[in-house]
Amino acid sequence: MSRPYNTIAPLSHNVPAEPQPLWKPLLLGAALGSFVGALAATITATSQAPVSALYAPAPAAARVAAHRAPTARYMGDKVQHMVDIGARDPYAAELATDFGNRQVGGHADTGHNVKIPETSVLGLAAREITPLPADAKALDEPAANKLKRAAGPGLILEVEGDALRATQQWTTAGAEQSEELSRRLVALGEELGHPLEVRIEGDRVTGVFWTPAVNGLTENDFILAAKVNNADFKDLLKKRKRRVFA
């Protein structure tokens, strides 16, 4: 039989609720209390420990375990895991080779004092032109190419007759500037004790580096070329027009 339209149905809150078991909130409270207690004990132990104990080097086995398990159990292990990063100390066999003194950076026990580099590692422009020995010979092409790259840009190797020459060309602002540049180049070669051959063709000046004593190139030629390359001749050279891109 259907219920009348104006009949009010009983509300759901009038129905008595089923009793909940008491072991669930008790278990949750016990777990939360254990976690808080363990956290407080860890913080207390860490704060009372000396700083040196936190940063003291750990045994090798402990470091291996820390790297295998980045999440450590105690705060001290976490601090050690965070600071134990970087290069290792050298072994006794490595120190015995005296590798530190054979490096430009110096030895580790010298406070990383930088060792003054030998002449062999300095640039050509920093070297001095020295007299040639009696048995000096001209450089071959591979050796000359190696020194050419070190002397600076603009140097070209050419063969004149049966000997190598190194040449460099400058474009001046005019004939008067070419004469002045030639005068400066010759004066620089005489000052350094190694004459430089200079050729003038209008606004072009060419310096020819070679050693007549060996009829070829020596290291002194490239030292002179490097010093010439470092000289300032901008007041005599032709100014380049600035390119404007539309």
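User: What counts as a polar contact in this predicted model?

Analyst: A polar contact is a pair of N or O atoms within 3.5 Å, and within protein one of them must be able to donate a hydrogen and the other to accept it. Here, a polar atom of the Ser178 side chain lies 2.9 Å from the backbone oxygen of Gly202.

User: Is Ser178 buried or exposed?

Analyst: Buried means under 20% relative accessible area. Ser178, a residue of helix H7 (residues 175-192), has a relative accessible area of 0% and is therefore buried. Beyond its neighbours within four places in sequence, Ser178 is in contact with Thr172, Ile200, Gly202, Asp203, Arg204 and Val205.

User: How is the packing angle of helix H6 and helix H8 to be read?

Analyst: Angles under 35 degrees count as roughly parallel. Helix H6 (residues 141-151) and helix H8 (residues 219-230) pack at about 20°, their axes being 9 Å apart. H6 is therefore roughly parallel to H8, and the crossing of H6 past H8 is right-handed.

User: Which residues of H6 and H8 meet?

Analyst: From H6, Ala144, Leu147, Lys148 and Ala151 meet Glu219, Phe222, Ala225, Ala226 and Asn229 of H8. By class, this contact has 6 nonpolar, 1 polar and 2 charged residues.

User: What does Asn229 touch, residues up to four places away in sequence not being counted?

Analyst: Contact means heavy atoms within 4.5 Å. On that basis, Asn229 touches Ala151, Gly152, Pro153 and Gln168. Asn229 and Gln168 are 61 residues apart in sequence, with a C-alpha to C-alpha distance of 9.3 Å. Asn229 is partly exposed, its relative accessible area being 25%.

Key. Residues are numbered from 1 along each chain as its sequence is written. This is a predicted model: local features need pLDDT of at least 70, side-chain atom pairs count only at pLDDT 80 or more; totals for chains, interfaces and linings use all residues. Side-chain values use heavy atoms; hydrogens and water are left out. Axes are lines fitted to C-alpha atoms, for helices over the stretch in contact, and angles run from 0 to 180 degrees between N-to-C directions. Helices (H or I, at least four residues) and strands (E, at least two) are DSSP runs, numbered from the N terminus. Angles under 35 degrees count as roughly parallel, over 145 as roughly antiparallel, 65 to 115 as roughly perpendicular and the rest as oblique. A crossing is left-handed if the near helix is turned anticlockwise from the far one by less than a right angle, and right-handed if clockwise. Ala, Val, Leu, Ile, Met, Phe, Trp, Tyr, Cys and Pro count as nonpolar, Asp, Glu, Lys and Arg as charged, and the others, Gly among them, as polar. Buried means under 20% relative accessible area, exposed over 50%, partly exposed in between (1.4 Å probe, protein chains only).
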